[in-house]
Amino acid sequence: MASEKPLAAVTCTAPVNIAVIKYWGKRDEELVLPINSSLSVTLHQDQLKTTTTAVISKDFTEDRIWLNGREEDVGQPRLQACLREIRRLAQKRRNAWDGDPLPYSLSCKVHVASVNNFPTAAGLASSAAGYACLAYTLARVYGVESDLSEVARQGSGSACRSLYGGFVEWQMGEQTDGKDSIARQVAPESHWPELRVLILVVSAEKKLTGSTAGMQASVETSPLLRFRAESVVPARMAEMARCIQERDFPGFAQLTMKDSNQFHATCLDTFPPISYLNAVSWRIIHLVHRFNAHHGDTKVAYTFDAGPNAVIFTLDDTVAEFVAAVRHSFPPGSNGDAFLKGLQVRPAPLSAELQAALAMEPTTPGGVKYIIATQVGPGPQILDNPCAHLLGPDGLPKPAA
């Protein structure tokens, strides 16, 4: 049935962020309040992004959501929390409205479709990009203009950091209502143009222990986690902010690796222990340290979120040589041509000296599935072109092209 009114439709994109000072553990499960502050780097949406379309219409009989083409349960508590909060903010704005009433009734149902251009639930921060995009898109379609940290955070804690580009701090806050637990930009995406990011995809499989369950177990059983949150992270946050402001790559790199190692140590300190790294992850760690030792300088850093995939930070003048080292240590499988995705990286020879310093026999092909080369990028974007909408005029997903 055709609607008398045109549908209100908005499509936005949002980025993935990778924490260099990790968030692990909540002090309030319901409000998603962290036990420590965290700091992340926003990745460029040319390589990794979530795209979301939200449509509201008085013809819809229920809220519905599709993720990567499949309809999902709209009753998921975190999804409901985001919807509820956006509608509350829209109502609040409406109550303060002096002129004409807002054009769309808050009683209208919403249809949402979302797609990721990267593996979901594999430790590549898909939920952060997804919930940031959901919050940003719903805010646009409902005319909400307030800070969206709280909305995105209730979907996925780290999603609040994906609301900004560049380098972003999520302040843990102190208030019990979470009003001061917000994200803010430390430096814009243009601040450090030489910084490059390589994602080494070791596995695109869904991880065995989800982040939410893993965090709860760590909070309940790991004394090391409490020590980390109270005694280690505050100084690291200040130091990391300094390294970013001063573009001190060796300082940034060493702190990034140490914080990743400590996060995974708290996972092992959890009872029963949680292990997100696999044998290939550990080989990548050894490769990075040997590469740096060969150069007598910290030229490359790794960090691992709750999954086996490595995120590598380096500067643009080191990318080609490090990719050559990865290709040598982890020969591509049958996808030699498609092994490197994203930004162009010129082929570089691997010197005999570096090859000897790596002291690593190549693994069987396919240990690293592929590499995504990217850089620091901006926050969420609105797509003005109606062709970008994932939902058609009927409010249902468009057929795949």
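Trainee: Is V32 buried or exposed?

Mentor: This is a predicted model. V32 lies in the loop between β3 (26-28) and β4 (33-34), and it has a positive phi of about 55 degrees although it is not a glycine. Its relative accessibility is 1%. Buried means under 20%, so V32 counts as buried.

Trainee: Is N68 buried, partly exposed or exposed?

Mentor: N68 sits in the loop between β7 (64-67) and β8. Its phi is positive, about 50 degrees, and N68 is not a glycine either. The relative accessible area of N68 is 36%. That value falls between the cut-offs of 20% and 50%, so N68 is partly exposed.

Trainee: Which strands stand at the edges of the open sheet of six strands, and why is one side of each left without a neighbour?

Mentor: The order in this sheet is β8-β7-β9-β6-β1-β17, with mixed pairing. The two edge strands each have a single partner strand, so one side of each has no neighbour in the sheet. These strands are β8 (70-72) and β17 (381-382).

Trainee: Which two residues are joined by a cis peptide bond?

Mentor: The bond has an omega of about -10 degrees. One of its residues, P272, is in the loop between α6 (249-269) and α7 (279-295). The cis bond joins F271 and P272.

Trainee: What is the radius of gyration of the chain, and what would a compact globule have?

Mentor: The chain has nine helices and 17 strands, and its C-alpha atoms fill a box of roughly 70 × 50 × 40 Å along the principal axes. For 401 residues, a compact globule would have a radius near 21 Å. The chain agrees with this, at 22 Å.

Trainee: What share of the contacts between residues at least 6 apart in sequence joins residues at least 24 apart?

Mentor: Of the 401 residues, 54% count as buried. Contact here means heavy atoms within 4.5 Å. Among contacts between residues at least 6 apart, the share that joins residues at least 24 apart is 77%.

Trainee: How far apart do the centres of the positive and negative side chains lie?

Mentor: The chain exposes about 17400 Å², with carbon and sulfur atoms supplying 53% of it. There are 38 positive and 41 negative side chains. The distance between the centres of the two sets is 2 Å.

Key
Residues are numbered from 1 along each chain as its sequence is written. This is a predicted model: local features need pLDDT of at least 70, side-chain atom pairs count only at pLDDT 80 or more; totals for chains, interfaces and linings use all residues. Side-chain values use heavy atoms; hydrogens and water are left out. Two strands pair if DSSP finds at least two bridges between them. Helices (H or I, at least four residues) and strands (E, at least two) are DSSP runs, numbered from the N terminus. Buried means under 20% relative accessible area, exposed over 50%, partly exposed in between (1.4 Å probe, protein chains only). The radius of gyration is taken over C-alpha atoms; the globule rule is 2.2 Å times the number of residues to the power 0.38. Accessible areas come from the Shrake-Rupley method with a 1.4 Å probe; for residues, only the protein chains shown count as cover. Lys and Arg count as positive and Asp and Glu as negative; His and the chain ends are not counted. The place of a charge is taken as NZ of Lys, CZ of Arg, CG of Asp or CD of Glu.
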